[in-house]
Amino acid sequence: MSDYFSYQNNRLCAEQVPLAEIAQRFGTPCYVYSHTALTDGYRQFEFAFAGREHLICYAVKANSNLAILHQLARLGAGFDVVSGGELQRVLAAGGAAGKVVFSGVGKTATEMRLALDAGILCFNVESEAELLRLNEVAGSMGKIAPLSLRVNPDVDAKTHPYISTGLRQNKFGVAYTEALALYRKAAELPYLRVTGMGCHIGSQLTETGPFIAAAEKVLALADMLAAEGITLEHLDLGGGLGIRYNDETPPSIADYAGALLTTLRLRSEKIIVEPGRVLVGNAGVLLTRVEYLKHGEEKNFAIVDAAMNDLMRPALYDAWHRIQPVQRKQLASPLSNSLPQAGERTNVKGDSLIYEVVGPVCETGDFLGHARELAITQGDLLAVMSAGAYGMSMSSNYNSRPRAAEVMVSGATVQLIRERETVHQLFAGEKTFLL
Ligand code: LLP
């Protein structure tokens, strides 16, 4: 439990505000973020890299709400975007285009034009074909595109295979062995300007070793380039620092930065990092209400009003999120109303039962947590913890479910930062087919 979400008089609070009050006011499901957690996380990054020229480019995909982008922009952050949509969000939130890096394997010509018009810091280019397209698009606009190659260092990030990106077999980055030739080519193209080199090996890393291994490979390549007279202004070491969901022990921001800075101590290039999850993951929870308790033959189900469309991580990666009651019951609380009759009980353990916490979506994969011990009754509120990163940003409208509301808390102040979607908004763009 973090300082930002803690029990006060058995009531789970976001900073100083009871989550039950937020649920009452804004309904459920609802994402709730701590402004202080976000701010503290960013400041830790700034502090950790303070010794040298650096830019913290928040990976927008982790959570792209304008209020979050706005606060980070105010703190001086840059941004890592992977689409024209994310770039437009950053600009709408007051982010500086000159601090934006544009990553991703499939940038369209339209997205390149948008970014060139805005005047972004750098394109992180991931293939020869993209390099050629960028040169062409920049040329057609009479502009020079700043470029960094995203190199695939072939380092095992030791994380979930779906979020591991730095192995040879992954679709990401330019093969290490081809990078030098591609840099030579880039240096000769008229509408490109080589400014940097980057890598990103994966997400939710819990050790510093793979980061260091990747950085060393980037440095070796940068040395080879320098020997050919191609000098770089920045080195972008990507994102990926993990957080604690359960019992993981990822390095602190300070230890992560310290390890990178030690590796880079003899270099003068500006350092860019692209943290996403570590800035917002533990700054947010998903608030949900128990609709029904259902005691099956083998399992007990807590059917809640949030589902895989709201938080896809458990269904997609088998990810584990702590699930906490919003009102902590006294140990001797009478649960008799909610318990099934004797003989129907399954997995009874004291006052609580072991539940499958599931949503209403028609898929067996629609679960938020397996085998959770909870003392709950119908109508209770639960908080799915560590949901600030890749929660709302990966949500969908599957089963025609409007997306959740989002709320930001700072101290005792609460603000709605995204209205709950309406069903009407869901089909507003659809038309009846007439013959
Ligand atoms: N930079 C690039 C180029 C990336 O692809 C990513 C994440 C980041 C930075 C930020 O990584 P972070 O610091 O957040 O680990 N949906 C998955 C995570 C996918 C990460 C994709 N790339 C999840 O829910 O675990």
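## Basis of the model

The structure is a predicted model, in which local features need pLDDT of at least 70 and side-chain atom pairs count only at pLDDT 80 or more, whereas totals for chains, interfaces and linings use all residues. Residues are numbered from 1 along each chain as its sequence is written, and side-chain values use heavy atoms, with hydrogens and water left out.

## Ligand surroundings

There are 19 residues around the ligand, and those that come nearest are Ser-203, Glu-274, Arg-313, Tyr-317 and Tyr-390; a residue is counted here if one of its heavy atoms lies within 4 Å of the molecule. From the side chain of Glu-274, an N or O atom lies 2.6 Å from a nitrogen atom of the ligand.

Glu-274 is also touched by Asn-124, whose other contacts beyond four places in sequence include Val-101, Phe-102, Lys-107 and Ser-148, where contact means heavy atoms within 4.5 Å. Asn-124 belongs to strand β8 (residues 122-125); strands (E, at least two residues) and helices (H or I, at least four) are DSSP runs, numbered from the N terminus. Asn-124 has a relative accessible area of 4% and is therefore buried, the classes being buried under 20%, exposed over 50% and partly exposed in between, with a 1.4 Å probe and protein chains only. Its side chain makes a polar contact of 3.4 Å with that of Asp-236; a polar contact is a pair of N or O atoms within 3.5 Å, and within protein one must be able to donate a hydrogen and the other to accept it, while residues adjacent in sequence count only if both atoms are side-chain atoms.

Just after the helix, Gly-229 adopts a positive phi of about 90 degrees.

## Salt bridges

The structure holds eleven salt bridges, each defined as a side-chain nitrogen of Lys or Arg within 4 Å of a carboxyl oxygen of Asp or Glu. One of them joins the side chains of Asp-223 and Arg-267 at 2.9 Å, N to O. Since Asp-223 lies in helix α8 and Arg-267 in the loop between α9 and β13 (270-273), the pair ties together parts that are 44 residues apart in sequence. Asp-223 is partly exposed at 44% relative accessibility, whereas Arg-267 is buried at 17%. Arg-267 also forms a salt bridge with Glu-269, with the closest N and O atoms 3.1 Å apart, and Glu-269 is buried at 10% relative accessibility.

Elsewhere, the side chains of Lys-329 and Asp-380 meet in a salt bridge of 2.7 Å, N to O. This pair links distant parts of the chain, with Lys-329 in the loop between β16 (323-325) and β17 (348-349) and Asp-380 in the loop between β19 (367-374) and β20 (381-384), 51 residues apart. Lys-329 is partly exposed, with a relative accessible area of 28%, and Asp-380 is buried, with 18%. Through shared partners, salt bridges join Asp-223, Arg-267 and Glu-269 into one network.

Three strands form an open antiparallel sheet in the order β1-β2-β3, and its edge strands, each pairing on one side only, are β1 (5-8) and β3 (17-18). Strand β2 (residues 11-14) runs antiparallel to β3 and is joined to it by two bridges; two strands pair if DSSP finds at least two bridges between them. Cys-13 has Pro-18 in β3 as its bridge partner.

Val-174 lies in strand β10 (residues 174-175) and counts as buried at 4% relative accessibility. Beyond its neighbours within four places in sequence, Val-174 is in contact with residues including Val-125, Leu-149, Val-151 and Leu-182.
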